Amino acid sequence: MNKDLDFEGKHKEDLERLHNLRLLDDDFMTKVFEDAKCAEFLLQIILKRDDLKVTKATSQYGIKNLQGRSVRLDILAVDQKNHVYNIEIQRSDHGAGVKRARYNSSLIDANVTEPGEQYEALNESYVIFITENDVLGKGLPIYHIERTVTETGEPFGDEEHIVYVNSQIKDETSLGKLMHDFACIEAKDMYYPVLADRVRYFKEDEKGVTVMCKAMEDMRNEARAEGKAEGKAEGRVVGRAEGSKENAISVARKMLKTERFSHEEIADFSGLTVDEVKELATKQPA
């Protein structure tokens, strides 16, 4: 009986949380943009490319690095020319650091080539961060990072591109309207129908709501399981009651390490307070 009550309570919490989710929340954004048409529309606006056609979009794409830290990409898309696009939502400034962009780009290169292929076979790649704050701090709506030859100022031409989109600027440009839509809670307030329809599906359609609630539950269970595993690996005894403080801390630490969740989301999943999560964040190793 208690389990049934807990399930009902958790489902109600999920519905309330789902209502308040925006495209700036990565767990919601990944479901919306795993649709190729939505990913294509997003890239066309950010890159000002009407000719860009996405053939495949995948959410939560895991890339392993046997020698170092693996990553899970929010969205990985491929276009008709086999150019590769990694789209990341980052509400945390720390999660959108310049070396994070470099690392994502290097892992994409390492994972899209087969052993023995020539270097010239490397796909043209884009790592795109859409950030809640102006991470680079120059007050611009978008930043394009390209390698150049210092002495001549000419492009290096390695076909590796890094882009930062500052969601703080919501003006009347196409990009500004896109960032407005990223901050909307309700589909009716959005400019672009292709995005509004997808948001409406996950928030108002019975099937879409079920899909999103299941995704949220899976993410919560995964974070808890990984937190427990990490706690055991560090020699801590976490196998007490489900809601124990030790387990909650383990879950929160694991989620902080991914750099994918806001402090509020971590508090919601783990059961800790936001202040407790913030305190844990200050103790996380760099």
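Is Tyr-192 buried or exposed? Select Tyr-192 to start: this residue is buried, with a relative accessible area of 15%, and the cut-off for buried is under 20%. Keep in mind as you click around that you are looking at a predicted model.

**The aromatic pairs**

There are 6 aromatic pairs to find in this structure. Begin with Phe-33 and Phe-182, whose rings are stacked, 5.7 Å centre to centre with 15 degrees between the planes. Now colour the helices: Phe-33 belongs to helix α2 (residues 26–33) and Phe-182 to helix α5 (residues 174–182), so this pair ties together parts that are 149 residues apart in sequence.

Phe-41 sits in helix α3 (residues 36–47), while Tyr-192 is in the loop between α5 and α6 (193–204), so here the pair ties together parts that are 151 residues apart in sequence.

**A cluster and two lysines**

Now select Phe-28, Tyr-201 and Phe-202 together: ring pairs link these residues into a cluster. The charged end of Lys-203 sits over the Phe-28 ring, 5.5 Å from the ring centre.

For your last stop, pick Lys-177 and Tyr-191. Here the charged end of Lys-177 is placed over the ring of Tyr-191, at 5.2 Å from its centre.

Key: Residues numbered from 1 in each chain as written. Predicted model: local features only at pLDDT ≥ 70, side-chain atom pairs only at ≥ 80, totals over all residues. Heavy atoms only, no water. Phe/Tyr/Trp six-rings, centres within 6.5 Å; stacked < 30°, edge-to-face > 60°. Helix = DSSP H or I, 4+ residues; strand = E, 2+ residues; numbered from the N terminus. Buried < 20%, exposed > 50% of the residue type's maximum accessible area, 1.4 Å probe, protein only. Lys NZ or Arg CZ within 6 Å of the ring centre and 35° of its normal.
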